[in-house]
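I wanted to look up the pockets in this model and note what lines them.

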Amino acid sequence: MMIKFLMKIFKFSTKKREENELSDFAVKKQLVKAKKLVKQSKKKGLQLDIHCYTNLINVYVRCNDTEGASKVMKEMEEAKIRPNIVTYTTYLKGLCEVGLIGQATELYEKQMIPTYQHNIRSFSTFLRGCLRTGSAENAMNIYKQCFRKYYSSDVQTIEHQDTSILEALVSVLW
């Protein structure tokens, strides 16, 4: 009984350490090391959780590899791990940064809105992507669908909203 308990603690601490390493690899843009760590973890029999998957997606995004991030999203689905708001926003950021605004719009409209996996941060991320690509129509569609309905009543959120994004949106649209 004690051995099982200790094994659970070991696996938990190992997983936590690997989550931290993946996070560090994202900051340092070290995709090769992140892939190696994940491969080793799987060999050890460790199962990735939502945090590991999200950190791995972040490594891919920070290295501008949206194809790799997309594969990780699919792997999560196959593992029956549901993406959370951080996962979606990270992937959304990656799509926006490389100019795949059509895919970003589809992600936001078809996956994030229906599952309520969006917030002011994901909204800002999407608007920033629209501004970078000059996609005023996409920005306005999401604005109409989300901002008034979900965010406008949250005064504290609005106060902390990056006003430059909204100002830029207004300047692009009008």
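Entry 1. I noted that the model is predicted. The totals for linings use all residues.

Entry 2. I looked up the largest pocket and found about 290 Å³ of space in it. I then checked its lining, which has 15 residues; those closest to the pocket centre are Thr89, Thr90, Lys93, Arg121 and Thr125.

Entry 3. Which helices each supply at least two residues of the lining of the largest pocket? I found helix H5 (85–97) and helix H7 (120–133). H5 gives the most, with seven residues.

Entry 4. I sorted the lining of the largest pocket by class and got seven polar, five charged and three nonpolar residues.

Entry 5. I moved on to the second largest pocket, whose volume is about 220 Å³. From H4 to H6, three helices came up: helix H4 (66–78), H5 and helix H6 (101–112) each supply at least two residues of this lining. H6 has the largest share, five residues.

Entry 6. I listed the residues that line the second largest pocket: Ser70, Met73, Lys74, Glu77, Tyr91, Leu95, Gln103, Glu106, Leu107, Lys110 and Gln111. By class I recorded four nonpolar, three polar and four charged residues for this lining.

Entry 7. I compared the helix entries.

Notes. Residues are numbered from 1 along each chain as its sequence is written. This is a predicted model: local features need pLDDT of at least 70, side-chain atom pairs count only at pLDDT 80 or more; totals for chains, interfaces and linings use all residues. Side-chain values use heavy atoms; hydrogens and water are left out. On a 1 Å grid over the protein atoms alone, a cavity is a set of points where a 1.4 Å probe fits but cannot get out, and a pocket is an open set with protein on both sides within 12 Å along at least five of seven lines; lining residues have an atom within 4 Å of a point. Grid points are joined across faces, edges and corners, and a volume is the space filled by probe spheres set on the points. Helices (H or I, at least four residues) and strands (E, at least two) are DSSP runs, numbered from the N terminus. Ala, Val, Leu, Ile, Met, Phe, Trp, Tyr, Cys and Pro count as nonpolar, Asp, Glu, Lys and Arg as charged, and the others, Gly among them, as polar.
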